Amino acid sequence: MGIEIGGRIEKVNGKELSYDEFVERYLSKNQPVVLTGLMDNWRACKDWVTDDGYPNLQFFSTHFGKSRVQVADCGTREFTDQKRVEMTVSEFIDHWIEYNASNHESNSKSLLYLKDWHFVKEYPEYVAYRTPLPFCDDWLNPYLDHYRMHRNPDTYQENNEICSSDYRFVYMGAKGLRIDVMDSFECLLRCGSWTPLHADVFRSYSWSANICGKKKWIFLSPSQCHLVFDRNMKNTVYNIFEDVSETQFPGFKKAIWLECIQNQNEIIFVPSRWYHQVHNLEDTISINHNWFNAYNLSWVWDLLWEDYKEAKEYIEDIRDICDDFEGVCQRNLAANTVRKNFARSSEAEICYDDYLLSLLRLRLHKEISFSGYDACIFCNPVINAALLIVPFVLDYVRLSQLSKSSTSVI
């Protein structure tokens, strides 16, 4: 199915852009942009790339091979995202090499995409890069850096604390099939590792830097995002290049998209609430951050508030029999938010289902304590990260309200 492209994302030399200009032109207006010239002297650009510009897979295998990472199977859908499996970096690299050796023509090997590797948290002494100035006003990751995650002493392992304790990631994916004889849409469908249509977690901002390779981004502005939802405004289109059902998604054909080709050593700024789908056109390594600050905090709060009302409504019928109704609402909020924003995590899905089962048991027996399920929530680092955001955002919202009343500015 074809889509209508209405324009392209602007590219700007980041060295010639002051922070105030970035805020005025892009951050405050919530507009995407590609920035060049901001990756000079990054260690990652030297160590992670071969002399001919390809991913230095052997380097990763040698230096970081024992790390356990989440890998997406690009050909298998699971819930609203791609199926995830866990393996070591070395196992992923071996799979990538075997896939390339097959000339991308064998169906025996799945096309895998390493995603959400918490590299900075796992290797703090290896300074792969410095966060560029336009993205330094980050109220999320520094907070998580100094917050001690809850641990379950029975199941804790050293890497558990690493798993989801920040929103700074490394992504690695292959280009897939040869694309020289394909038309543009078939190319995007089959050319390589990719990420389905989505808006970023918690409606955060994100930035993505291509260490090597090339990506194609397709964007939809917040003013048109309702067009990719189904009739019930619950689910969105999974792949915009598939045959999308007009019956299920009646507004989809009306959407007007923006596109962008992101090259090596370019950084793209993804604003809050912009839906996007991303395809690797070449073997690609990227560094990605999610973050929020004063300019998009209200949207983060709006999302959490809507999720809170939904979570509260869901369990309203047990208010009279629950000793800590508000506490249950908060835990339900965490689970629901994980469900919506981290559907790709099978561990989160299992924990979420366990939590719903606990609610069901309470409804049936009206006497089961929730204390036994606290461990289920807090020992899961993905859900725990969601829980951390709630008080953090609340604190800043309160601070902003106080600031408004005293005419001060955050």
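Two strands are said to pair if DSSP finds at least two bridges between them, and the strands themselves (E, at least two residues), like the helices (H or I, at least four), are DSSP runs numbered from the N terminus. This is a predicted model, in which local features need pLDDT of at least 70, side-chain atom pairs count only at pLDDT 80 or more, and totals for chains, interfaces and linings use all residues. Residues are numbered from 1 along each chain as its sequence is written, and side-chain values use heavy atoms, with hydrogens and water left out.

In S11, the residue that bridges to Arg8 is Glu259, and S1 runs parallel to strand S11 (residues 256-262) over four bridges. Both strands belong to an open sheet of five strands with mixed pairing, in the order S1-S11-S10-S13-S8. Strand S1 (4-8) and strand S8 (194-198) stand at its edges with a single partner strand each, so one side of each has no neighbour in the sheet.

Helix H3 (residues 57-64) has Leu57, Phe59, Phe60, Ser61 and Phe64 buried, where buried means under 20% relative accessible area (1.4 Å probe, protein chains only). Among the elements that cover these residues are helix H4 (89-101) and strand S6 (112-117). Trp117 touches Phe60 and Phe64, among others, contact meaning heavy atoms within 4.5 Å.

A nonpolar core is a set of buried Ala, Val, Leu, Ile, Met, Phe, Trp, Tyr and Cys residues joined through side-chain atoms within 4.5 Å.

| Core | Size | Residues named |
|---|---|---|
| Largest nonpolar core | 65 residues | Trp48, Trp117 and Met172, with the most contacts inside it |
| Second, separate core | 18 residues | including Ile3, Cys225, Phe249 and Phe252 |

Note on methods
Buried < 20%, exposed > 50% of the residue type's maximum accessible area, 1.4 Å probe, protein only. Lists of a residue's contacts leave out its neighbours within four places in sequence.
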